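Colleague: Could we go through this protein together? I would like to begin with the strands and then turn to the whole chain.

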Amino acid sequence: MSALAIKNIGLLITGDLDAPLSKDNTIIVINGKIEAIGGQELISKYQCDKVIDANGTTVAPGFIDSHTHPVLGDFTPRQNTVGFINSSLHGGVTTMISAGEPHTPGRPKDVSGAKALAILAHKSSQNVRPGGVKLHGGAVILEQGFTERDFIDLKKEGVWLVGEVGLGTVKDPSEAAPLIEMAKKYGMKVMMHTGGTSIPGSSTIGFEDVVTAKPTVVSHVNGGPTSIPIEDVKKLIDETDFILEIVHCGNSKVMKEAVEYAVEKNQLHRFIIGNDSPSGTGIIPLSILRVVSYLASVCNIPAEKAVCMATGNTADVYELNVGKIEKGREADFVIMDAPMGSVGSNSIEALAAGDLCGISNVIVDGKIMFEKSKNTPPAVRKSKVIK
């Protein structure tokens, strides 16, 4: 049995949008799962192998990047970069969700090849955590000729994601709709590209297309990178119940107007945060943290709720046992504080001021991945591993 304690927590962000802050200051982890959350008295109740003194700083769930385009392992041919997933870990990301592997060199566009690629990418990401991140790879790209039998085959092999509809040869929403219904029948989560064309071969998809196709997640409503009109985003909020994703590699003006309208309509729980990288905008390891800072500083969303959009909201959509600090969840955490030089005195104030946090530790399944981020500014106060 392995046991970890985190004590002296200054701010505990829960990942739950309805109750984003907790007054508890101690977390106990047993065998990679959260065992108990409470006060300092928990330390005496458990024999822990390691104890982290958070030193009055913030503990939050590990961030979830809801939109990435991996290939295999920690390499992307799109930007010819090795280690981009590990760099995201140093930005607080502990889980990534593939929106498809379209950058795979020579990507097959027949049904058998599309299935084979999805199964390979899925099983590869299960066997090896690239960069230490929990990558959910293998999002099948829909091609013409898919039948219900193909979804049965994919389900049998563990594939549970459908990549952005529009990336493959299935482009017409009326053609995609019955395939999406089949995928959902077998428990799959379906994403759909929204906005202008992103890469050669992809499609421009608007409001009516999304309503016809009925995906689980409307990918990058603020554009990937070109956005649909803000009026159509508002219609998605008002007239549908789809999950709406905002991404770093998109239109920041539409992001602002979309989330502000969501707050007005009490629909913030439907919004999740992704990166959409590697893309033409490059490799951005701190993208999720940057979006959280943007939401907190420019869009007037409380920083703790912005963190929940990047954690618990996404976990709920994809039914993952991460993203929230509650008993029984996988013990993935970010320990962070205001960066040196910030006007903020803690992480929440720093994010509200538009700064990025300084990350001291990222923890995955109760394992300390590092004790100083290589990508964020140094934190004013640093956590300490004292045992």
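Colleague: In which sense do strand 1 and strand 4 pair?

Modeller: Please keep in mind that this is a predicted model. Strand 4 covers residues 26-30, and its pairing with strand 1 is antiparallel, over four bridges.

Colleague: Which residues face each other there, for instance across from Ala3 and Ile6?

Modeller: The bridge partner of Ala3 is Ile30 in strand 4. Ile6 stands opposite Ile27, which also belongs to strand 4.

Colleague: And how does strand 1 pair with strand 6?

Modeller: Those two pair in the parallel sense, again over four bridges, and strand 6 consists of residues 50-53. Within strand 6, Asp53 is the bridge partner of Lys7.

Colleague: What is the order of the strands in the sheet they form?

Modeller: The sheet is open and has five strands, in the order 5-4-1-6-22, with mixed pairing. At its edges are strand 5 (33-38) and strand 22 (384-385), each of which pairs on one side only.

Colleague: Is strand 1 mostly covered or mostly exposed?

Modeller: Mostly covered: strand 1 runs over residues 3-7, and five of its five residues are buried.

Colleague: Which way do its side chains point?

Modeller: Ala3, Ala5 and Lys7 point one way from strand 1, while Leu4 and Ile6 point the other way. Residues on both faces are buried, Lys7 included.

Colleague: Changing topic, where does Pro215 lie?

Modeller: Pro215 is in the loop that connects helix 5 (207-213) with strand 16 (217-218).

Colleague: Buried or exposed?

Modeller: Pro215 has a relative accessible area of 1%, so it counts as buried, the cut-off for that being under 20%.

Colleague: Which residues is it in contact with, apart from its neighbours in sequence?

Modeller: Beyond four places in sequence, Pro215 contacts Ile180, Lys184, Val190, Met191, Met192, Val210 and Phe242. As for Ile243, it is 28 residues away from Pro215 in sequence, and the C-alpha atoms of the two are 8.7 Å apart.

Colleague: Val190, Met191 and Met192 are in that list. Which strand holds them?

Modeller: They belong to strand 15, residues 189-192. Lys189 and Met191 point one way from this strand, Val190 and Met192 point the other way, and all four are buried.

Colleague: What joins strand 15 to strand 14?

Modeller: Three bridges join them, and the two strands run parallel; strand 14 is made of residues 161-165.

Colleague: Now the whole protein: how many helices and strands does it have?

Modeller: There are 11 helices and 22 strands.

Colleague: What does the radius of gyration tell us?

Modeller: For 387 residues, a compact globule would have a radius of gyration near 21 Å, and the protein has 20 Å, so the value agrees with that expectation. The C-alpha trace spans about 60 × 45 × 35 Å along its principal axes.

Colleague: How much of it is buried?

Modeller: Buried residues make up 61% of the 387 residues. The accessible surface comes to about 14400 Å², and 49% of that belongs to carbon and sulfur atoms.

Colleague: Finally, how many charged side chains are there?

Modeller: The protein has 38 positive and 43 negative side chains, and the centres of these two sets are 5 Å apart.

Definitions and conventions:
Residues numbered from 1 in each chain as written. Predicted model: local features only at pLDDT ≥ 70, side-chain atom pairs only at ≥ 80, totals over all residues. Heavy atoms only, no water. Rg over C-alpha atoms; globule rule 2.2 N^0.38 Å. Buried < 20%, exposed > 50% of the residue type's maximum accessible area, 1.4 Å probe, protein only. Areas by Shrake-Rupley, 256 points an atom, 1.4 Å probe, with all protein chains shown as cover. Lys, Arg positive; Asp, Glu negative; His and termini not counted. Charge placed at Lys NZ, Arg CZ, Asp CG, Glu CD. Pairing = 2+ DSSP bridges. Contact = heavy atoms within 4.5 Å.
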